[in-house]
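Subject: Structure for you to look at

Hello,

Please find the structure below, followed by notes on what was found in it. The notes go region by region.

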Amino acid sequence: MSNLPFGARLRAAMDTRGPLCVGIDPHAHLLAAWDLPDDPHGLATFTYGVVNALADRVAVFKPQSAFFERFGSEGIAVLQEATIRLREAGALVIIDAKRGDIGSTMDGYAAAYLAEKAPLACDALTVSPYLGFGSLQPAIDVARESGAGLFVLALTSNPEGPQFQSARTADGPTVAGAVLDGLRSLNADADGLGSFGAVVGATIKPTEEVLDINGPLLAPGLGAQGGTAEGLAAVFGSAVRNVVPSSSREILGAGPGIGALQDAADRANDAFRTVLGY
């Protein structure tokens, strides 16, 4: 992938292009809004339209794997090709797949997404820690070897999240706090921004957990889901400079025109630059 670890590449990309992360979420209603059929052809036209418009001006993209998987192998082929094109244009790609398992199965996920010559090689992958933080070790090992990163679910903004994330462990901290502690340990020896980040919803209420993990904080939930650029400082406090703000429908809904997509992305990026101190 690169001689530089993901955290260093992410910091450089955001410093150069701004902090915005564009989520590529080809919902059926977005395809319809672009006057496209809800089929593999519509998916490809939509996805490559976003890539062509924004790949050379946005730092980070986050394709949601489920919206490609729903079309089977043809959808996965579009995800693979889009990832290649985005990275060739100098953007970083976080595949939002939320994989999580143990042992050889986690090895398989790491080989699919994180290894140097993985078929779906990306810059970072979202993963789930709810089989125990240690279950992520195979992915951690491969990410370190290849210079990739991970974003681990920690404090999500969906209403069901607190049932697990706010529960107390036997040692005292919340489950979310234990996840953040694990990430803090992984990033302890990083030179600059670490490569192991947390997923923290942009609409959560400020919590007792310390978000300064010396790693990136992927913040979905902006735009159509209610989160705002101005609200990021209240959620993330002193760690706000490490936020990767992700917006999808607010930008994708401006399409299919290339100029309209670019204008929407530029407006969002400018707002995030101001709030996050770029």
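Contact here means heavy atoms within 4.5 Å. Helices (H or I, at least four residues) and strands (E, at least two) are DSSP runs, numbered from the N terminus. The model is predicted, so local features need pLDDT of at least 70 and side-chain atom pairs count only at pLDDT 80 or more, while totals for chains, interfaces and linings use all residues. Residues are numbered from 1 along each chain as its sequence is written, and side-chain values use heavy atoms, with hydrogens and water left out.

Helix H7

The buried residues of H7 are Pro138, Ala139, Ile140, Val142, Ala143 and Ser146; buried means under 20% relative accessible area, exposed over 50%, and partly exposed in between (1.4 Å probe, protein chains only). These buried residues pack against H6, strand E5 (149–155), helix H9 (175–186) and strand E6 (196–200).

Two packed helices are described by the angle between their axes and the distance between the axes. For H6 (residues 103–113) and H7 (residues 137–146), the axes come within 8 Å and cross at roughly 35 degrees. Axes are lines fitted to C-alpha atoms, for helices over the stretch in contact, and angles run from 0 to 180 degrees between N-to-C directions. Gly103, Met106, Asp107 and Ala110 on the H6 side meet Pro138, Ala139 and Val142 on the H7 side. By class, this contact has 5 nonpolar, 1 polar and 1 charged residues. Ala, Val, Leu, Ile, Met, Phe, Trp, Tyr, Cys and Pro count as nonpolar, Asp, Glu, Lys and Arg as charged, and the others, Gly among them, as polar. After H7 comes glycine 147, with a positive phi near 85 degrees.

Lysine 98

The unreviewed UniProt entry places the feature "active site" at Lys98. UniProt positions are given in the numbering used here, feature names are shortened, and annotations may be inferred rather than shown by experiment. Lysine 98 is in strand E3 (residues 92–99) and is partly exposed, at 39% relative accessible area. Not counting residues up to four places away in sequence, lysine 98 touches Gln64, Thr126, Val127, Ser128 and Leu153. Its side chain makes a polar contact of 2.7 Å with the side chain of aspartate 96. A polar contact is a pair of N or O atoms within 3.5 Å; within protein, one must be able to donate a hydrogen and the other to accept it, and residues adjacent in sequence count only if both atoms are side-chain atoms.

Backbone

Most residues other than glycine have a negative phi, and most peptide bonds are trans. Lysine 98 has a positive phi of about 50 degrees. Aspartate 35 also has a positive phi, near 60 degrees; this residue is in the loop between helix H2 (28–33) and helix H3 (40–54) and is exposed at 71% relative accessibility. Glycine 255 and proline 256 are joined by a cis peptide bond, with omega about 10 degrees. Proline 256 is in the loop between helix H11 (249–252) and helix H12 (258–276).

Regards
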